Amino acid sequence: QGRSFLPLLDDQAGDYLERPSALTESRKWKAVRSRDYRYVLYPNGNETLYDLKNDPAEYHSATDDPAYAAILSDLRKELGRRAIETQRKLPNPWSY
């Protein structure tokens with residue numbers, strides 16, 4: 001499920017480009033990406049958080065780093081919001 005590009009073609013973009021995140025998914029994960037971070041939730045409940053400014057190749061998850069706790073919380077909420085918005089089922093309820 002997506003959004004029409006027609007407003008962009010008619011120069012009526014408005015807030016079209018102002019979305020805070022992009023939702024991506026596969027059979028093995030669902031992810032939400034903001035400008036600076038990517039949060040991934042797997043069906044087994046595992047999570048990864050990548051700081052795209054400091055780790056653009058996504059080698060090191062910042063999920064357990066306390067410095068990223070607020071960002072992790074925000075992106076968890078954003079993934080839930082986007083899943084509801086697009087009527088997508090999340091893999092599993094989070095364990096917290």
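Glu58 is located in the loop that connects β4 and α2 (helices, H or I with at least four residues, and strands, E with at least two, are DSSP runs numbered from the N terminus). The phi angle of Glu58 is near 60°, a positive value in a residue other than glycine. Most residues other than glycine have a negative phi. With 25% relative accessibility, Glu58 counts as partly exposed (buried means under 20% relative accessible area, exposed over 50%, and partly exposed in between, with a 1.4 Å probe and protein chains only).

The structure is a predicted model, in which local features need pLDDT of at least 70 and side-chain atom pairs count only at pLDDT 80 or more, whereas totals for chains, interfaces and linings use all residues. Residues are numbered from 1 along each chain as its sequence is written, and side-chain values use heavy atoms, with hydrogens and water left out.

The chain contains two helices and four strands, which follow one another along the sequence in the pattern α-β-β-β-β-α. Of its 96 residues, 31% count as buried. Among the contacts in the chain with a separation of 6 or more, 33% involve residues 24 or more positions apart (contact means heavy atoms within 4.5 Å).

The four strands form an open sheet in the order β1-β2-β3-β4, with antiparallel pairing (two strands pair if DSSP finds at least two bridges between them). Strands of a sheet pair through backbone hydrogen bonds. β1 (22-25) and β4 stand at the edges with a single partner strand each, so one side of each is left without a neighbour in the sheet. On average, neighbouring strands of this sheet are turned by 15° against each other, direction ignored (axes are lines fitted to C-alpha atoms, for helices over the stretch in contact, and angles run from 0 to 180 degrees between N-to-C directions). β1 and strand β2 (residues 30-33) run antiparallel and are joined by four bridges; Leu23 has Val32 in β2 as its bridge partner. Five bridges link β3 and β4, again in the antiparallel sense, and Tyr37 stands opposite Asp51 in β4. The hairpin of β3 and β4 has five residues between the strands, and Gly45 in this hairpin takes a positive phi near 95°. Helix α2 lies across β1, β2, β3 and β4 and runs at about 65° to β3.

In β4, five of the five residues are buried, so the strand is largely enclosed by the rest of the structure. In a regular strand the side chains alternate between the two faces of the sheet. Glu47, Leu49 and Asp51 point one way from β4, while Thr48 and Tyr50 point the other way. Glu47 has a relative accessible area of 18% and is buried; its C-alpha atom is separated by 9.5 Å from that of Arg76, 29 residues apart along the chain. Leu49 is buried at 0% relative accessibility. The C-alpha atoms of Leu49 and Ala62, which are 13 residues apart along the chain, are separated by 5.2 Å. Residues up to four places away in sequence not being counted, Leu49 touches residues including Tyr37, Tyr39, Ala62, Tyr68, Leu72 and Leu75.

The largest nonpolar core has 10 residues, namely Val32, Tyr37, Tyr39, Leu41, Leu49, Ala62, Tyr68, Leu72, Leu75 and Leu79 (a nonpolar core is a set of buried Ala, Val, Leu, Ile, Met, Phe, Trp, Tyr and Cys residues joined through side-chain atoms within 4.5 Å). At least two residues of this core are supplied by each of β3 and α2. With residues up to four places away in sequence again left out, Leu75 touches Val32, Ser34, Tyr37, Tyr39 and Leu49.

One aromatic pair is found in a search of the whole structure (rings of Phe, Tyr and Trp, the latter by its six-membered ring, pair if their centres lie within 6.5 Å; planes under 30 degrees apart count as stacked, over 60 as edge-to-face and the rest as tilted). The ring centres of Tyr37 and Tyr68 are 6.1 Å apart and the planes stand at 80°, so the pair is edge-to-face. Tyr37 belongs to strand β3 (residues 37-41) and Tyr68 to the loop between β4 (47-51) and α2 (69-85), so the pair ties together parts that are 31 residues apart in sequence. Tyr37 is buried at 18% relative accessibility, and Tyr68 is buried with a relative accessible area of 15%.
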